[in-house]
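Reader: I have just opened this one and would like someone to walk me through it. Could we take it piece by piece?

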Amino acid sequence: MSDMSFLRLDGLTLAYGKTPAVEGLNLDIHRGELIALLGPSGCGKTTTMRAIAGLMPVRAGQITLDGRDITRVAANRREVGLVFQSYALFPHLTVFENVAFGLRLKGMSGKALEDKVMAAIASVGLTPFAQRKTPDMSGGQQQRVALARSMVMEPKVLMLDEPLSNLDARLRLEMRTELQRVQKKTGLTMIFVTHDQIEALALADRIVVMRNGAIEQIGTPEDIYNRPESAFVADFVGFETIFALKDGAMVTKGEPVPVPDAPAGAAALAWRPRAVTFGEGRFEGTVLSSSFAGSAREYLLDTPLGPVKAEVDAALPAHDLGATVRFDLPVATAAALRRAE
Ligand SMILES: Nc1ncnc2c1ncn2[C@@H]1O[C@H](COP(=O)(O)OP(=O)(O)O)[C@@H](O)[C@H]1O
Ligand SMILES: [Mg+2]
């Protein structure tokens, strides 16, 4: 096993009864990495985490953590922490007692316990709230308690299943920064599940995009955002105009459009709205809808190629619905995809 691989999933296969959930998943996570698992609902994110935590039997494959095969190790002996979407705090206990719970189960008490618990509470900025009961706290504070409760057990890997999805937009942003700060400070290896691409791009060292129980692409936020490999990933990160290539031409709703300068090996070309040339070019379309987004205006065009989404500077004169406009899809501003699906 390579030094780089701290948590390794090898051919991980998981199922609920006869229903497969995850098929032959391979993943290497480095020590200290912050990994985002990104993908639509039902793609197997939670199931994968539950298997790593030991809460879901493994049908086939292996899970190795820090050189130890933990595939069949009991959940409480794995040194893996899992923070659920619904924090699952004890409402009748104080913050201190919620965080102390796991250590007490392990037989710790007295000053040693108190020091550890207070240090964990301090690391999430909740020292003044140690004696509060958790139902009296905000969603963001409860999330920090759940984080402290997992971190105090000193897991080798901490996993968070959509930890921010219950928070409002402002608090999400605050907690995102907080999570990143705690992770950098502690050097903890973390896996973070989200279905929000913005969150994954902002937080992660690497993003794992999942689809139908398998990994679709692994890469840095820059890789995933700028160099998606498939139409699935491209669509997920905002490439709204995508055409497959066949025999050197784009497959469109109408006539194929020859692309003599398409990059070798490309199976499809994809454009973000901003990468579409608007107002001039080889093609013509009709404005189906237009939306103002502050500095930019977005147009959805009905075209002989199919729908095309373009974004232009909002300072430019607006086009009415039904207006005919010229546009172009330059190869130079397209992402070349290796898979057209
Ligand atoms: N308790 C369960 N029983 C049966 N099937 C389940 C159960 N939980 C999840 N599944 C199925 O397993 C697949 C993966 O689900 P899940 O891991 O929860 O996805 P995600 O967390 O990415 O939304 C889905 O097809 C889902 O319907
Ligand atoms: Mg889930």
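Reader: Let me start with helix 3, then: which of its residues are buried?
Author: Bearing in mind that this is a predicted model, the buried residues in helix 3 are Leu113, Val117, Ala120, Ile121 and Ser123. Seen down the axis of helix 3, these residues fall within an arc of 165 degrees, so they line one face of the helix.

Reader: What covers the buried residues of helix 3?
Author: The cover includes three other helices, namely helix 2 (95-105), helix 4 (139-151) and helix 5 (169-186).

Reader: And how many residues does helix 3 have, and what does it reach from end to end?
Author: Helix 3 runs over residues 110-123, which gives it 14 residues, and from its first C-alpha to its last it reaches 20 Å, close to the 20 Å expected at 1.5 Å a residue. Just after helix 3 comes glycine 125, whose phi is positive, at about 75 degrees.

Reader: You mentioned helix 4, so how many of its residues are buried?
Author: Helix 4 is mostly covered, with 12 of its 13 residues buried. The buried ones include Gly140, Val145, Leu147 and Met151, and also Arg144 and Arg149.

Reader: What do those buried residues pack against?
Author: They pack against strand 6 (80-83), helix 2, helix 3, strand 7 (157-161) and helix 5. As for its span, helix 4 reaches 18 Å from its first C-alpha to its last, close to the 18 Å expected at 1.5 Å a residue.

Reader: At what angle do the axes of helix 4 and helix 5 cross?
Author: The two axes cross at roughly 20 degrees and come within 11 Å of each other. Angles under 35 degrees count as roughly parallel, and helix 4 and helix 5 are therefore roughly parallel to each other. The crossing of helix 4 and helix 5 is right-handed.

Reader: Which residues meet there?
Author: From helix 4 there are Gly140, Gln143, Arg144, Leu147 and Met151, and these meet Leu171, Glu174, Met175, Glu178, Leu179 and Val182 in helix 5.

Reader: Is glutamate 154 buried or exposed, and what about aspartate 247?
Author: Glutamate 154 counts as exposed, because its relative accessibility is 52%. Aspartate 247 also counts as exposed, at 78% relative accessibility.

Reader: What about threonine 94, where does it lie?
Author: Threonine 94 lies in the loop between strand 6 and helix 2, and it is buried, with a relative accessible area of 14%. If its neighbours within four places in sequence are left aside, threonine 94 is in contact with Ala130, Gln131, Arg132 and Lys133.

Reader: Stepping back, how many helices and strands are there in the chain?
Author: The chain has eight helices and 19 strands, and its C-alpha atoms fill a box of roughly 75 × 45 × 35 Å, taken along the principal axes. Of its 341 residues, 50% count as buried. Among contacts between residues at least 6 apart in sequence, 64% join residues at least 24 apart.

Technical notes. Residues are numbered from 1 along each chain as its sequence is written. Chains are lettered from A and ligands numbered from 1 in the order in which they are written. This is a predicted model: local features need pLDDT of at least 70, side-chain atom pairs count only at pLDDT 80 or more; totals for chains, interfaces and linings use all residues. Side-chain values use heavy atoms; hydrogens and water are left out. Helices (H or I, at least four residues) and strands (E, at least two) are DSSP runs, numbered from the N terminus. The expected span of a helix is 1.5 Å times one less than its number of residues. Buried means under 20% relative accessible area, exposed over 50%, partly exposed in between (1.4 Å probe, protein chains only). The arc is that of the directions from the helix axis to the C-beta atoms. Contact means heavy atoms within 4.5 Å. Axes are lines fitted to C-alpha atoms, for helices over the stretch in contact, and angles run from 0 to 180 degrees between N-to-C directions. Angles under 35 degrees count as roughly parallel, over 145 as roughly antiparallel, 65 to 115 as roughly perpendicular and the rest as oblique. A crossing is left-handed if the near helix is turned anticlockwise from the far one by less than a right angle, and right-handed if clockwise.
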